[in-house]
Amino acid sequence: CVESLRNLDNFSNCRVIVVDNNSHKKSYDSILEYFILNYENEFIEIGEKEAVSYNIDHNLYLIRNEGNYGYAGGNNIGINFALKFERMSYVWILNNDTVVQSDSLKFMLHKFLENNNYGVVGSRLVELENKSNVQGVGGIINPWLCTTKEIGSDLKINDAINEKEFEEKIDYVIGASLLISRDCLENVGLLCEDYFLYYEEIDYCNRAKSKGFLIGIASKSVVFHAHGASTNKGKSLIADYYSVRNRILITRKFYPNKLIFVKLSIFLVCFNRMKRFQFSRAFKYLKFMFI
């Protein structure tokens, strides 16, 4: 991911902030060793507390968090750090399991130049394992169940789309790659840390739209994504837990009149888990009826 960022067409105008969300020591040490070997004079290693006051300009920063704060909390450490620099105009949030094309950021920036009302712009996410298949260009949410669906998965990497038509369809852009303007961050705020994992981009896009910002798609901005690699989605207990629980949280916040229907749908989730003999998960999820 870092190597692909350094090959961006306009990398000289970028600063890369890598936030380690308190991963295992072996994982962190391998990242640190890689930076020392390849970018010894270009990067600075910073602790979470030190990052609060650090403001010296470098090409690459490595911030180590003292805890695992989830997707939003970890990214917010980096966003807050970036906001201290007056020249920062946009923050590009990228998953660690992504590889970007050299012109991907350029097309996202062009989108903002089309209309200064854009606050958040997403990329065309393409499967890293099969570089012709599109994962999605955005997503929609069914407020009656608070289930989500990524759209654009029927596309190929080079298929042209009408971006305006897709922007009218989507409710959010996919959080593996999203560019947020400084103006949007200062008016809307940081990512919501209530979820820990999943639904954060939906929350942010809803909040941005409520402040009058537009949500955009830069379909020529191609970002390859190892979908689910960082969470082992579908197998991980923690991933499964938050994907279910957060349906309740986001419904309470944005679709409260649909809460009863979402809670009823959780019963079906519990039944499904019991069919798989995942009884502990099923009984744990029943507790969501009362939050």
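The structure is a predicted model.

The account begins with the way helices lie against one another. Two packed helices are described by the angle between their axes and the distance between the axes. Helix 9 spans residues 237-254 and helix 10 spans residues 259-275; their axes come within 9 Å and cross at roughly 170°. An angle over 145 degrees counts as roughly antiparallel, and helix 9 and helix 10 are therefore roughly antiparallel to each other. On the side of helix 9, the contact is made by Asp-240, Val-244, Arg-247, Ile-248, Thr-251 and Arg-252, while helix 10 contributes Leu-259, Val-262, Lys-263, Ser-265, Ile-266, Val-269 and Arg-273. Sorted by class, the residues of this contact comprise 6 nonpolar, 2 polar and 5 charged.

Helix 10 also packs against helix 11, which covers residues 279-286; the angle here is about 165° and the axes are 7 Å apart. Helix 10 and helix 11 are therefore roughly antiparallel to each other, and their crossing is left-handed. From helix 10, the residues in contact are Ile-266, Phe-267, Val-269, Cys-270, Arg-273 and Met-274, and from helix 11 they are Phe-279, Ala-282, Tyr-285 and Leu-286. The contact of helix 10 with helix 11 has 9 nonpolar residues, no polar residues and 1 charged residue.

The next topic is the pairing of charged side chains. Side chains of opposite charge can pair when their charged atoms come close. In this structure there are 13 salt bridges. One of them joins Arg-182 to Glu-186, with the closest N and O atoms 2.9 Å apart. How are these two residues placed along helix 7? Arg-182 and Glu-186 are 4 residues apart in helix 7 (residues 182-188), so about one helical turn separates them. The two partners may also be described by their accessibility. Arg-182 has a relative accessible area of 18% and is therefore buried, because the limit for a buried residue is under 20%. Glu-186, with a relative accessible area of 55%, is exposed.

A second salt bridge brings together the side chains of Asp-203 and Arg-207, at 3.1 Å from N to O. Both residues belong to helix 8 (residues 200-210), where they stand 4 residues apart, about one turn of the helix. Asp-203 and Arg-207 are both buried.

Asp-203 has a further partner, Lys-253, and in this salt bridge the closest N and O atoms are 2.8 Å apart. Lys-253 lies in helix 9 and Asp-203 in helix 8, so this pair ties together parts that are 50 residues apart in sequence. Lys-253 is partly exposed, with a relative accessible area of 40%, whereas Asp-203 counts as buried at 0% relative accessibility.

The account now returns to helix 7, where Leu-185 is located. Is Leu-185 buried or exposed? Leu-185 has a relative accessibility of 5% and therefore counts as buried. Which residues does Leu-185 touch, if those up to four places away in sequence are not counted? They are Ile-79, Leu-83, Val-91, Ile-180 and Tyr-204. Lys-164 is 21 residues from Leu-185 along the chain, and the C-alpha atoms of the two are separated by 23 Å.

The last topic is the backbone. Asn-22 has a phi near 60°, a positive value in a residue other than glycine. Asn-22 is found in the loop between strand 1 (16-20) and helix 2 (25-39). With a relative accessibility of 36%, Asn-22 counts as partly exposed.

Tyr-198 is not a glycine either, and its phi is positive at about 80°. Where does Tyr-198 lie? Tyr-198 lies in the loop between helix 7 and helix 8. Tyr-198 has a relative accessible area of 17% and is buried.

Key
Residues numbered from 1 in each chain as written. Predicted model: local features only at pLDDT ≥ 70, side-chain atom pairs only at ≥ 80, totals over all residues. Heavy atoms only, no water. Axes fitted to C-alpha atoms, helices over the stretch in contact; angles between N-to-C directions. Parallel < 35°, antiparallel > 145°, perpendicular 65-115°, else oblique. Contact = heavy atoms within 4.5 Å. Nonpolar A, V, L, I, M, F, W, Y, C, P; charged D, E, K, R; others polar. Left-handed = near helix turned anticlockwise from the far one by under 90°. Salt bridge = Lys/Arg side-chain N within 4 Å of Asp/Glu carboxyl O. Buried < 20%, exposed > 50% of the residue type's maximum accessible area, 1.4 Å probe, protein only.
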